[in-house]
Every structure is written in C-alpha cells, then in structure tokens.
Amino acid sequence: MKRTGVVLACLMLLPMLSFAQVASTGVAANVDFGFYVGGKYIPAGSYEFKPTASGTESTMNVLNTKTNEITVVPILTTISKKLPAYGEVVFDHAGDDYYLAEIYIPGMDGFLVKGAPGKHTHVSVKAKK
C-alpha cells in the first residue's frame, strides 16, 4: 500500500518536471525588423523566446534583452519538429509588416502563434548559438 502511494506521488510530479524543462529552454535571436506579436508592435532588437505553461494554458514569452520588457502571446499549438542546430524563429511577412508565427527550439516540437491575418510569405531568423 505504501508503495502505491509513492508511485502515485511520483506520477503527480511528472507534469511539473516537464514544465520545468520547458520553462528553462528557449532560443535567442537578433531580429533586424520590427514585428507584431499578440497584436502588439515591438521594435527590432535582440529577443529571447521561451515557452511557458500554467495549468492548461501555454504561452510564449518574448523578452527584449535590452529593455527586459516581456510580451506574452498564447501558443495555438505545437507543430512538427525542425532540426535547426540552434533554433529558428519564423515570421509571416505581409505587405510592409512582420508577424511572429513559429518558434523552433532544438530538441522540442515547434510552437505556432497567431501570425499574419491574410496572404503572406515566411522569413526565417536563425537563433544565436
């Protein structure tokens, strides 16, 4: 009976362990153009992209490394893994505007966030080493 309790306690800790792994993992990239994320325009600069989870909601934190300002955007879904060595951030390009769309972190599935609202092309930015 005691063994069953220990096994159940360990199983209850698994979601927290996977969250800790996600929370400590991310990618950094220099973005040479301003872009929209979560309906907010943010300027060109150096950014860190880190997924977070809270209960059933998953979000992507976009940290401006110069100002320490964080913009949070909901993650729509995970997408198939790409295998860039250091990660990659993909933007939708529509007209003169860029929209954060996909984030790829080595060793994880990709993350899809709400991108451009219409016809667009893709622009990839390689993550820093």
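**Strand E8 and its surroundings**

Strand E8 is joined to strand E11 (residues 121-126) by six bridges, and the two run antiparallel. Strands (E, at least two residues) and helices (H or I, at least four) are DSSP runs, numbered from the N terminus, and two strands pair if DSSP finds at least two bridges between them. In this pairing Val90 stands opposite Ser124 of E11.

The structure is a predicted model, in which local features need pLDDT of at least 70 and side-chain atom pairs count only at pLDDT 80 or more, while totals for chains, interfaces and linings use all residues. Residues are numbered from 1 along each chain as its sequence is written, and side-chain values use heavy atoms, with hydrogens and water left out. The pLDDT is the predictor's confidence in each residue, from 0 to 100. The protein averages a pLDDT of 83, and 81% of the residues score at least 70. Over residues 4-23 the pLDDT is below 50, and this stretch has seven contacts in the model beyond near neighbours in sequence; a contact means heavy atoms within 4.5 Å.

E8 also pairs with strand E9 (residues 97-104), through seven bridges and again antiparallel. Glu88 stands opposite Tyr104 in E9. E8 and E9 form a hairpin with two residues between them, and Gly95 in the turn has a positive phi of about 65 degrees. E8 is largely enclosed by the rest of the structure because six of its seven residues are buried. Here buried means under 20% relative accessible area, exposed over 50%, and partly exposed in between (1.4 Å probe, protein chains only).

Asp92 belongs to strand E8 (residues 88-94). Asp92 is buried yet has no salt bridge, and the nearest side chain of opposite charge, Lys114, is 10 Å away. A salt bridge is a side-chain nitrogen of Lys or Arg within 4 Å of a carboxyl oxygen of Asp or Glu. For charge, Lys and Arg count as positive and Asp and Glu as negative; His and the chain ends are not counted.

What does the side chain of Asp92 reach at 2.9 Å? It is the backbone nitrogen of Ala116. The side chains of Asp92 and His122 are joined by a polar contact of 3.3 Å. A polar contact is a pair of N or O atoms within 3.5 Å; within protein, one must be able to donate a hydrogen and the other to accept it, and residues adjacent in sequence count only if both atoms are side-chain atoms. Leaving aside residues up to four places away in sequence, Asp92 touches several residues, including Tyr98, Gly115 and Thr121.
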